[in-house]
Amino acid sequence: MKRERRRARQLALQTLYEVEAAGHPAEAVLSRHLAGHDGLSESSKAFLREAVFGSLEHAARLDEMIAACAPEWPVDELAIIDRSILRLALWELHIYKETPLKVAINEAVVLAKRYSSDSAPRFVNGVLGSLAPQP
């Protein structure tokens, strides 16, 4: 399950990136990704769909959170991949609320290490640590 959920997050990130970078319709991009990954369980596919559409639906709210935490880094000037990673993780932490805090932050850092610059994991960790829900 852990590996499947990680794969679903990767596909969600790739979908979010393509939607923003190329302007492709989210449903079409997501359908293409799902068609190429038959091995995902129904629960992982449902999570993937929720993550993509939840991140897109709440993007303005999530961007406000990022801007408040990192005012020296205007959200619209962040690399698309970093902005997508942060939106996805913040969606998990503040809207989805079913992923444990440490897991959501760790998974976002792993995505940043894999898909972004050398400095991105530290930045992502710092922003998410500051914006983590308080118990």
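**View 1. The cavity found in the predicted model.** A search of the whole structure finds 1 cavity of 30 Å³ or more, a cavity being a set of points on a 1 Å grid over the protein atoms alone where a 1.4 Å probe fits but cannot get out. The largest cavity has a volume of about 40 Å³, volume meaning the space filled by probe spheres set on the points, which are joined across faces, edges and corners. Its lining residues, those with an atom within 4 Å of a point, include Arg9, Ile85, Glu92 and Leu111. Two or more of the lining residues come from each of H5 and helix H6 (101-115), helices being DSSP runs (H or I, at least four residues) numbered from the N terminus. This is a predicted model, in which local features need pLDDT of at least 70 and side-chain atom pairs count only at pLDDT 80 or more, while totals for chains, interfaces and linings use all residues. Residues are numbered from 1 along each chain as its sequence is written, and side-chain values use heavy atoms, with hydrogens and water left out.

View 2. Arg87 pairs with Glu20 in a salt bridge whose closest N and O atoms are 2.9 Å apart, the rule being a side-chain nitrogen of Lys or Arg within 4 Å of a carboxyl oxygen of Asp or Glu. Because Arg87 lies in helix H5 and Glu20 in helix H1 (residues 2-22), the pair ties together parts that are 67 residues apart in sequence. By this rule the count comes to 9 salt bridges.

Key. 1 Å grid on protein atoms, 1.4 Å probe; cavity = no way out; pocket = protein on both sides within 12 Å on 5 of 7 lines; lining within 4 Å.
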